[in-house]
2 protein chains.
Amino acid sequence: MLHQTSGKPLFFGRLAEGGQAMAGLQRSVGRRVLLQQIRHDEAVPRIDLAEKTGISRATVTTITAELLKAGLIEEVAREGETSGSKRGRPKVDLKIRGAARIVAGVKISHRSFSLVLIDFEGNLLAEHECEMSAPTLSAEDMAQELRDGVDALAALAGKSRKDISGVGVGIAGVVDAPEGFVHWSPSLNRRNVALAATIEAAMGVPVFVDNDANLVAVAEKSFGLGRAVSDFIVVTIEAGVGMGIVIGGELYRGTRGCGAEFGHTKVHLEGALCRCGQRGCLEAYVADYALLREASVAGFDPQAGRQAERVVALLSAAREGDALARSIVERAGRMFAMGLANIVNIFDPQLIILAGEQMQFDHLYAEEVIDEMKKSIVQIDKAPPEVVIHKWGNLMWAKGGAAYALDRVSDLALEELGDNAD
Amino acid sequence: MLHQTSGKPLFFGRLAEGGQAMAGLQRSVGRRVLLQQIRHDEAVPRIDLAEKTGISRATVTTITAELLKAGLIEEVAREGETSGSKRGRPKVDLKIRGAARIVAGVKISHRSFSLVLIDFEGNLLAEHECEMSAPTLSAEDMAQELRDGVDALAALAGKSRKDISGVGVGIAGVVDAPEGFVHWSPSLNRRNVALAATIEAAMGVPVFVDNDANLVAVAEKSFGLGRAVSDFIVVTIEAGVGMGIVIGGELYRGTRGCGAEFGHTKVHLEGALCRCGQRGCLEAYVADYALLREASVAGFDPQAGRQAERVVALLSAAREGDALARSIVERAGRMFAMGLANIVNIFDPQLIILAGEQMQFDHLYAEEVIDEMKKSIVQIDKAPPEVVIHKWGNLMWAKGGAAYALDRVSDLALEELGDNAD
């Protein structure tokens, strides 16, 4: 009842009936519905749009004409039917016009930016990675460095920053996305930063900021495994553990913009000290630093070096059968399984996507961990939710930022069409 | 954007435009919207309905005429304006017609049924409690005993069972509500029971079954503290710990119908044995039996007697300052606070309602527990969600069942109106 069979949500919308006041609203909702339907279908005959959306043929004709005129969509010859009948109009589909807009997506990692540039159709135009001058920056310095990164990104595609219609930025931490406000982030040297506004001022382009794991969920919904699923959870594993929740086809952010917190849910009363200052957080058992803490306490601190190298050495030792290393790694896996089981008990989602890139977290993606999770959920005589591992690198995270920017830029483009119903 | 300011969700609905195929759908959605708006407003001028729902005045006139004719709503003189102008029509509001339908709600407790009878307006007509012959029954025996209970309930209001249009039943356990199917319940002697169908066969009345904590959430949304809030969580405390989740004004049940499980989320890896057979569940730390287990291990097992009496004795000893008893009770409180903090981290809801009746759980409602929860959530410079304690007895839980039945019976009543758009 709530969703189309495709898994795409129907749109919240007042019942559109007659009346002056409703006309503008109807029109703008109709435009949004049609643009999203065309985006979803990739290429669709005009005549199918009425049936798929429930919008009358006459209105579909009017609105698609507007969208064509504004250059947001275009007509293409239907595949396999290029010849058509000898007479009459050639058969055409409608599709998003890639050249209509370009948007950028950024993921802010521990000490680097990953950037992608995509067109209005979602095609990748360029990708770029660059170092941050420090792992923790002021908002102003971050804005400056991001601007340089976006300039370099645009140049790779023979464009300039001014050609970009919007930039979506994913950052670790607690983010109020609608406000573009960062309550706290490990990448910023202050709490309570109006980050979107600061970057926008430096960039001269609309900027949209969200938690990085939320943007992975957006990417999965837009381009990935979540396209056909209305309720799913993404758990991201990097240095920290993140989560994105999609319910009814929409990202669920919580009331204060700080929902979907998973890494700092507690798995042990008064447990291990977490970097957040509290005790017993999931991250305090599964993050890099947690593994190294155990290793050092147990007198097993693999060769000197940078933290990442030491973690890799610990994990290799575990794989090679070192009992102490295995004990450390296995406990992290069991804690992670317990956290996942809690998420399943609470949400009972269709699908859980474990997303992340680094080889170094293979022990958390392990079959034993997922089996352990399945044993720890409430047991009913029905299959547990599907768990899929989706490894992707920072550039794919950045694509989540771009997908978010694409959503918002689409809305802005439709607003530019104005309110006229005629 | 997603919600009206009242906190009531806008309705999912295809854009209603012209076309034969849409007319029936439009009409049925319009009826549902208007009936819900009238129910929400209690009494509302016909002319306000168009503005509040976005449905055209002409359609409001047509549909309200249908609803009046079907006896689902009625006209009442507007309060304070009974005289009106000397000439012209008296000013009237529309309201739900209480006599249109009556529905029953049932809560199945440890060994008793609590029942309420309400009319279509939600007015309480009768309430009744009766013993179950055993704490665990077959579905058939439960159906038989419930039928007798409903007969007795109806008689109290001078009615018979056949006058009842629907019965909503809340039961502890894992329930697939849309299917009326119980995966598992402590009150049933088998797993996988088509409970709604079994009771319906015995009763000859439509029966709707859901998890009991979900129905408390429905009651809070329909009659209680959740009326003006779109995202809230209800946590119920009885012998077990339950949860109901309302997101976007709708109860969230999960994909397999077994979401919102809280009592069996794990708060300790390989922790205390739970009655479900797993280890480390929240209930294994906060339920009655968990307290008594601790008491007996510690050599402090307050005087003999039934379990409930022993728990009361333990709690009194704690209040009177007995160190061992306090240690047991305080740990339960800390575990409960940790579980609550996890829920807040995951959902970031507007409001948390702690619902339950028994004095015996006062230690879990305690200010220290709520303070502890607030300290254990992710800290941002914004107030944490509001936590409200709402003590209500079994009859109020039963009212949740009645509210659920009312929703479903309203839908059935509207279906009876048929599909004709004219």
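What share of the contacts in chain A with a separation of 6 or more comes from residues 24 or more positions apart? In this predicted model, such pairs account for 61% of those contacts. Chain A contains 12 helices and 15 strands. Of its 422 residues, 50% are buried.

Helix H11 of chain A, which spans residues 367–376, has both buried and exposed positions. The buried residues in this helix are A:Val369, A:Ile370, A:Met373 and A:Ser376. These four lie on the same side of H11(A), because the arc they cover around the axis is only 125°. An α-helix has 3.6 residues a turn, so positions three or four places apart point the same way. Exposed residues are carried by the face of H11(A) that is turned away from the buried side, namely A:Glu367, A:Glu368, A:Asp371 and A:Lys375. The cover over the buried residues of H11(A) includes an element of each kind from chain A: helix H10, formed by residues 323–347, and strand E15, formed by residues 386–391.

In chain B, a hairpin is formed by strands E5 and E6. Strand E5(B) comprises residues 112–119 and strand E6(B) residues 124–131. The two strands are paired in the antiparallel sense, with seven bridges between them.

Note on methods:
Residues numbered from 1 in each chain as written. Chains lettered and ligands numbered in written order. Predicted model: local features only at pLDDT ≥ 70, side-chain atom pairs only at ≥ 80, totals over all residues. Buried ≥ 20, exposed ≤ 12 C-beta atoms within 10 Å, placed from the backbone. Arc of directions from axis to C-beta. Contact = placed C-beta atoms within 7 Å. Pairing = 2+ DSSP bridges.
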